Amino acid sequence: MSSAPAPDILTLTLNPALDLLTTVERVQPTHKLRCGPALFHPGGGGVNVARVVHRLGAGVRALYTEGGATGRELRALLDQEGVPCEGLPIVAPTRESLSVHETSSGLDWRFVLPGPTLLPAEWAACEQRFVQCGATAGHWVLSGSLPPGVPDDFYARLARQARLQGRRLVLDASGAALGAALAEGVYLVKPSLRELSEHLGRPLDDEPACLAAARQLIDQGQAEIVALTLGERGALLVSARQAWRAPALSVPVASTIGAGDSFVGGLVWALARQDDLEQALRLAMAASAAALLSEGTALCQPAEVQRLRAQVRLEAL
Ligand SMILES: Nc1ncnc2c1ncn2[C@@H]1O[C@H](COP(=O)(O)OP(=O)(O)OP(=O)(O)O)[C@@H](O)[C@H]1O
Ligand SMILES: [Mg+2]
């Protein structure tokens, strides 16, 4: 048996993906699109967060569903990166996602499949195993979409468990799964502008509207901390007592894929080492900017995160 301490960060990915990345000169119909070489990465919200946390050098464990040959390949890639992980068996094969970088325009085309349908016994086993492993982890990260077959209140059920067991639940989700978990209450939620606007059913056109939206979640007990990411406009971090604006760093953008996952990875890495919120936001901004430097699904490099951290300027609101 290993004597290593249990990791403080546990991530769950119910709908991971084997990410296939390639290039093409121009995306167009009918004709065969002759692509460049294929690159494979492990993918899915919680898987990516775990990859980032591991690179930054903290104890983490990624739980994810694993099915078929694609699931085995995903596992092999995580093993190659040395990310501590556990595949939760499912019958149907893990999905693949295709990202195509169009060299003529610099645009990324992302083709995302719904993922395999989970049987009731499968998602119930995932929930049980996550709670079991979570007994020794201070931070529970739930990130990514729910695959077909999984009820919308899946994250909400874990939010309830987290509260009962005094764990910090960090949520990056959208749609009905986000709504149900917020109704239960979480420690930290990281919506993008689009996700929060959809959740509240109103446009968030300017900073006062964004701040009011974040404060609404906090006042209603839906989240203790809201990290609202605004793409090229940066991010806002709001708690009951404090709020900061973080303008985006100006870096050459190779790809925005994985920026949100790197943001969450940086944030939770810092929180787990008991940095204060301000330092955690700094790290999250640096990690998300670092992700922009690398092509496709490659995510941030630790040396870039440390370099960019010094460039982050926060403004208290
Ligand atoms: N074009 C960009 N220029 C500079 N920084 C960016 C850019 N896009 C993203 N970022 C950084 O990455 C963070 C996360 O990006 P974003 O708000 O798009 O979230 P996301 O989770 O990737 O979005 P979604 O889940 O809706 O696809 C931002 O807060 C910002 O720091
Ligand atoms: Mg996101």
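User: How far does a polar side-chain atom of S192 lie from an oxygen atom of ligand 1?
Analyst: The distance is 2.8 Å, which falls within the 3.5 Å limit for a pair of N or O atoms to count as a polar contact. Keep in mind that this is a predicted model, where local features need pLDDT of at least 70 and side-chain atom pairs count only at pLDDT 80 or more, while totals for chains, interfaces and linings use all residues. Residues are numbered from 1 along each chain as its sequence is written, chains are lettered from A and ligands numbered from 1 in the order written, and side-chain values use heavy atoms, without hydrogens and water.

User: OK, and what do K190 and G231 do with the oxygen atoms of ligand 1?
Analyst: K190 has a side-chain N or O atom 3.1 Å from one. With G231 a backbone N or O atom is involved, at 2.8 Å.

User: How much of ligand 1 does the protein cover?
Analyst: It covers 78% of the 630 Å² of accessible area that ligand 1 has on its own (Shrake-Rupley method, 1.4 Å probe).

User: Which residues come nearest to ligand 1?
Analyst: S192, R194, T229, G231 and G234, out of 18 residues around ligand 1; being near takes a heavy atom within 4 Å.

User: Which helix gives the most to that shell?
Analyst: Helix 9, with three residues. Helix 6 (193-200), helix 8 (259-272) and helix 9 (277-293) each supply at least two. Helices here are DSSP runs (H or I) of at least four residues, and strands are E runs of at least two, numbered from the N terminus.

User: Switching to the sheet: what's the strand order?
Analyst: It's an open sheet of 10 strands, ordered 5-4-1-8-9-10-11-12-13-14, with mixed pairing. Strands pair if DSSP finds at least two bridges between them. Strand 5 (85-89) and strand 14 (315-316) are the edges, each pairing on one side only.

User: What packs on the sheet, touching strand 4?
Analyst: Helix 2 (residues 68-81), which also touches strand 5; contact means heavy atoms within 4.5 Å. Its direction makes about 165° with that of strand 4 (60-66), using lines fitted to C-alpha atoms (for helices, over the stretch in contact) and angles from 0 to 180 degrees between N-to-C directions.

User: Do strands 8 and 9 run parallel or antiparallel?
Analyst: Parallel, with five bridges joining residues 139-143 to residues 168-172. H139 stands opposite R168 there.

User: And how many residues sit between strand 6 and strand 7?
Analyst: Five, in a hairpin whose turn includes G106, with a positive phi of about 80°. The two strands run antiparallel, and S97 has V112 as its bridge partner in strand 7.

Note on methods
A polar contact is a pair of N or O atoms within 3.5 Å; within protein, one must be able to donate a hydrogen and the other to accept it, and residues adjacent in sequence count only if both atoms are side-chain atoms.
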